[in-house]
Amino acid sequence: MTKKFPFYTWFLFVALSALGVFLFITPINTADGMKVPIAILANMLAGKVEPFIHWFALVTFIIAAAGSVIMQFIPQKGPRTLMDSLFRVNWFWTIMRVLAVIFTTMYLFQFGPASFISEDTAGILIDPASGLITFMFVLFLFAGLLLPLLTDFGLLEFFGSMMVKIMRPLFKIPGRAAVDCLASWVGDGTIGVLLTSKQYEEKNYTGREAATIATTFSVVSITFCLVVIETIGIEEYFLQFYASVVFCGLILAFIMPRIYPLKQKADTLIDGTEAPANREEVKEGFNVFTFGLHNALTKADSNKKLGKIVAGGFKNVLEMWFAVTPIIMAFGTIALVLAEFTSVFRILGMPFEPILTLLQIPETSEAAQTMIVGFADMLLPSVLGAGIESELTRFFIATVSVTQLIYLSEVGGLILGTKLPLKIWDLFVIFLIRTIISIPIIAAIAHIIF
């Protein structure tokens with residue numbers, strides 16, 4: 001039976017979780033179309049900070065790059081600290097942070113190759129009035145501070161436990177994985193990856209289960225989805241867009257564990273032993289609903305110190321600013337230069353042209369070149385597709401880019417940095433398979449909507 005919890009605990013669970021759902025998930029009709037409240041707040045603040053936000057971004061990139069370089073020469077001692085979380089990355093990601101500083105400086109001071117300081121390359125990302133990176137700084141401020149409303153007061157535990165009976169038969173993963181999955185879908189893909197990695201290291205998941213969860217459910221957050229639709233200009237279709245992402249994502253979640261390469265992963269714990277047969281049983285005296293409610297209230301009860309929650313929110317903000325934005329600036333600039341001044345992505349996308357033509361996607365050639373670039377960064381397809389005239393095609397590109405899921409600038413890079421049994425070849429194969437399966441599904445939905 002569920003034990004007695006004080007009224008304050010019930011208030012934290014019900015009221016704060018409901019506030020989180022309202023801010024992150026509930027669309028509101030505005031003069032610019034349907035937007036969730038957190039995006040409205042971000043747009044309001046973006047107008048206020050426009051005169052200096054690009055300089056703030058440059059300073060942030062410099063700190064991120066300098067801190068990462070310094071950390072390369074300081075061995076880690078003891079538990080991982082906040083400084084480790086912000087700056088201790090491998091040399092590849094350190095170089096990407098340095099490149100973010102270089103590209104931003106070149107654009108702001110207008111020196112260097114024309115291709116790198118163009119309004120159509122670095123300008124799309126760092127321009128103070130309309131740049132993606134500058135808007136993301138503001139959006140991540142609200143997202144980081146308010147994300148605990150979704151993750152820290154029992155919402156994930158409640159729905160996670162409610163899904164115990166369907167996770168194993170449908171997706172071949174433990175019921176407890178519902179918490180990791182929901183953390184990704186309503187929070188952030190990186191949260192899901194970190195949770196999954198920790199569960200794998202603590203022997204709660206087998207290698208196959210952990211690999212499946214990390215590459216199937218670590219979808220970009222609702223906040224990042226907002227950036228996608230803002231970028232490509234389909235804000236008024238948020239509900240249709242996100243419903244399509246969820247629908248296609250669930251189909252992929254059913255298929256991917258049953259095929260290569262996830263099916264071939266060893267179904268053993270991290271030390272090579274077999275997982276206990278009774279590890280998913282609901283505790284005696286509970287049913288699925290009461291067990292979920294008990295877990296939710298227990299979670300809320302453990303987070304009564306709101307000061308600690310606020311501190312965790314600021315940590316989220318710093319991690320987004322220092323870890324995510326410079327990588328997107330680096331990858332984004334390089335990819336946009338390749339897209340605008342070379343034929344690389346057009347060539348890589350050519351095999352998709354007959355497929356998109358068969359599916360009657362307008363502006364086929366422009367759409368095809370966005371199909372592969374998402375492996376570098378999930379925002380790039382929307383950046384490249386923003387100038388396409390057809391709303392159907394822009395909707396198609398944005399939705400496919402999110403359902404592709406694996407992108408090296410964040411989720412993919414994070415997976416490679418953990419002990420999860422996944423190599424870069426696995427990630428690329430999974431990315432391609434997800435893309436190929438998503439294309440006809442999203443095309444059909446796009447034709448229905450438009």
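Me: A disulfide is taken here as a pair of cysteine sulfur atoms within 2.5 Å. How many disulfides does a search of the whole structure find?

Reply: The model is predicted: local features need pLDDT of at least 70, side-chain atom pairs count only at pLDDT 80 or more, and totals for chains, interfaces and linings use all residues. Residues are numbered from 1 along each chain as its sequence is written, and side-chain values use heavy atoms, with hydrogens and water left out. The sulfur of C248 has its closest cysteine sulfur in C225, at 13 Å, which is too far for a bond. Over the whole structure, the number of disulfides found is 0.

Me: Is C225 buried or exposed?

Reply: The classes rest on relative accessible area (1.4 Å probe, protein chains only): buried is under 20%, exposed is over 50%, and partly exposed lies in between. The relative accessible area of C225 is 0%, and C248 likewise has 0%. C225 is therefore buried.

Me: How are α3 and α5 oriented to each other?

Reply: Helices are DSSP runs (H or I, at least four residues), numbered from the N terminus. Helix α3 (residues 53–71) and helix α5 (residues 91–109) pack at about 150° with axes 8 Å apart, where axes are lines fitted to C-alpha atoms over the stretch in contact and angles run from 0 to 180 degrees between N-to-C directions. Angles under 35 degrees count as roughly parallel, over 145 as roughly antiparallel, 65 to 115 as roughly perpendicular and the rest as oblique. The two helices α3 and α5 are therefore roughly antiparallel.

Me: How many nonpolar residues are in the contact of α3 with α5?

Reply: The residues in contact (heavy atoms within 4.5 Å) include W55, L58 and F61 of α3 and V98, V101 and L108 of α5. Ala, Val, Leu, Ile, Met, Phe, Trp, Tyr, Cys and Pro count as nonpolar, Asp, Glu, Lys and Arg as charged, and the others, Gly among them, as polar. Beside 5 polar residues and 1 charged residue, the count of nonpolar residues is 12.

Me: What is the handedness of the crossing of α9 and α16?

Reply: Helix α9 (residues 155–162) and helix α16 (residues 288–301) pack at about 160°, with their axes 7 Å apart. In this pair E157, F158, S161 and M162 of α9 meet residues of α16, among them F289, L293 and K299. A crossing is left-handed if the near helix is turned anticlockwise from the far one by less than a right angle, and right-handed if clockwise. The crossing of α3 and α5 is left-handed, whereas that of α9 and α16 is right-handed.

Me: How many residues of α13 are buried?

Reply: One of the buried residues of α13 is R208, whose relative accessibility is 10%. R208 touches R168, K172, L262, K263, K265, A266 and D267, not counting residues up to four places away in sequence. Helix α13 is largely enclosed by the rest of the structure, because its buried residues number 10 of the 10.

Me: What separation have the C-alpha atoms of E202 and L269?

Reply: E202 is placed in the loop between α12 (189–201) and α13 (207–216). With a relative accessible area of 44%, E202 is partly exposed. E202 and L269 are 67 residues apart along the chain, and their C-alpha atoms are separated by 9.0 Å.

Me: What distance separates the C-alpha atoms of R208 and P421?

Reply: R208 belongs to helix α13. Along the chain, R208 and P421 are 213 residues apart. Their C-alpha atoms are separated by 8.0 Å.
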